[in-house]
Amino acid sequence: MNETPVIEIKDLTRRYGKLDAVDGLSLTVKPGRCYGFFGRNGAGKTTTIKCLLNLLRPTSGTVRVFGLDPQKEEVAVKSRLTYVPDTVAFYPWMTVRGTLDYLASFRAHWNRDIEADLLRRFGLNADQKASALSKGQRTQLALVGAICPEPELLLLDEPTSGLDPIVRREFIETVIGAYQSGDPQRRTVFVSTHLISEFEGLIDEFTIIEQGRELLTMDADAARDRFRKIRARFTQPPAKLDLPGALSVKQTGREVEVLSNGSSEEIIAKLKACQPEDVQTESLTLEEIFVASKHLSKPTA
Amino acid sequence: MLLQVNFKTGKPVYLQLVDQVRYAAASGGLRAGDALPSVRQLAEDLRVNRNTIAKAYAELESQGVIETLPGKGCFLKENNTPFTKQVRQKLLLKEIDEAVVTAHHLQVDRETFLALVHERLDYFESKQEK
């Protein structure tokens with residue numbers, strides 16, 4: 001019965017006045033996956049997530065979370081997920097302890113062992129007022145609050161932007177360690193970010209969104225297999241190369257760098273036919289794929 | 001044993017881990033009965049999805065390299081493969097053929113190739129004995 005997608009978005013459009021923030025987006029997140037949602041600032045990531053949470057209503061299209069409509073069954077949906085936005089705010093007069101108790105009061109389940117463990121790990125003082133916390137500490141507190149209910153879905157919207165590298169690492173280790181270690185079929189992560197390299201190892205599958213439209217959806221391993229960087233060095237600057245399926249070709253003197261999109265073998269064969277001194281290939285990381293995705297054909301209206 | 005992952009090789013992460021454990025087992029980095037890090041520990045250390053680690057361990061277990069003792073964790077098994085002699089040789093031939101093809105293209109001749117094979121066998125054996 002676990003086959004109901006955790007998130008199912010179909011032809012989602014959300015307009016602000018004349019601006020199409022999200023424009024016909026579809027994606028599906030299966031249970032137990034860690035799904036990356038990549039896009040530049042203003043691509044429509046936060047708008048999409050807000051539609052999942054019924055903080056915004058879709059202009060058209062459908063959104064389902066756990067197979068339910070967040071507009072009609074808001075409580076049923078929200079009781080099974082937690083959300084960490086990019087900027088977190090707490091009541092400034094509450095202590096860390098008070099804030100967590102307040103959050104726990106809305107939840108049917110709250111894991112006190114995980115709470116104690118994470119507070120110790122982050123070095124958060126339970127008696128400190130929320131107003132006295134640094135940005136990093138506020139994010140840590142939000143993460144504690146998001147993990148202790150042990151939700152089936154953890155929604156993260158740019159969770160690590162603006163944090164120092166150590167806090168960022170701890171954040172990701174916590175998502176992997178404290179959150180993912182539960183029942184793996186009921187631990188789904190949906191993370192929107194442009195700090196992709198940090199989440200690289202965590203991501204099973206991803207969608208790149210551009211101007212509100214899906215540009216690329218792939219399994220992470222398959223993507224690293226498909227997108228490669230091929231470097232070749234020649235004794236003479238080569239004549240014009242005709243390389244099928246190349247995303248981009250850069251030539252500086254005797255060296256050529258090609259980004260391939262699924263046709264590495266053909267490109268390497270073509271380059272080798274030109275008698276290179278050396279040919280080297282490496283996979284693109286997800287971040288490099290994101291950067292290279294601007295070469296993919298732009299979605300058309 | 002220190003495991004690491006590299007996203008630039010194009011090889012799926014779980015296979016990288018499988019290969020590293022197999023290498024460590026062949027070169028004495030891991031001995032029969034040695035414990036592997038827990039899935040959670042390794043996932044946190046490498047900052048890799050815990051499902052990826054679980055997949056690597058499941059693969060190693062199906063290959064008979066490690067065994068899971070409930071409640072205790074994963075341990076390296078005595079080196080006794082579940083495959084028959086014929087299957088083992090067939091599996092190895094595929095790998096040898098690839099090395100032979102590479103040697104041909106790198107213009108490494110038969111004597112040098114065989115000498116290298118002997119050298120590597122000695123290297124792994126000497127590391128295991130230590």
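A: A nonpolar core is a set of buried Ala, Val, Leu, Ile, Met, Phe, Trp, Tyr and Cys residues joined through side-chain atoms within 4.5 Å. Buried stands for under 20% relative accessible area, exposed for over 50%, and partly exposed for in between (1.4 Å probe, protein chains only). This is a predicted model, where local features need pLDDT of at least 70, side-chain atom pairs count only at pLDDT 80 or more, and totals for chains, interfaces and linings use all residues. Residues are numbered from 1 along each chain as its sequence is written, chains are lettered from A and ligands numbered from 1 in the order in which they are written, and side-chain values use heavy atoms, without hydrogens and water.

Q: Which residues of the largest nonpolar core touch the most other members?

A: In soluble globular proteins, nonpolar side chains tend to be buried together. Here the largest core has 75 residues, and A:Phe206, A:Ile289 and B:Ile66 touch the most other members. A second, separate core of 26 residues includes A:Leu53 and A:Val77.

Q: How many aromatic pairs are there over all chains?

A: A pair of aromatic rings is described by the distance of the centres and the angle of the planes. Rings of Phe, Tyr and Trp (its six-membered ring) pair if their centres lie within 6.5 Å; planes under 30 degrees apart are stacked, over 60 edge-to-face, the rest tilted. The count is eight. A:Phe37 and A:Phe190 have ring centres 5.2 Å apart and planes at 35°, so this pair is tilted. Both A:Phe37 and A:Phe190 are buried.

Q: Is A:Tyr91 buried or partly exposed?

A: A:Tyr91 is partly exposed, at 38% relative accessible area. A:Tyr91, A:Trp93, A:Tyr102 and A:Phe106 form one aromatic cluster.
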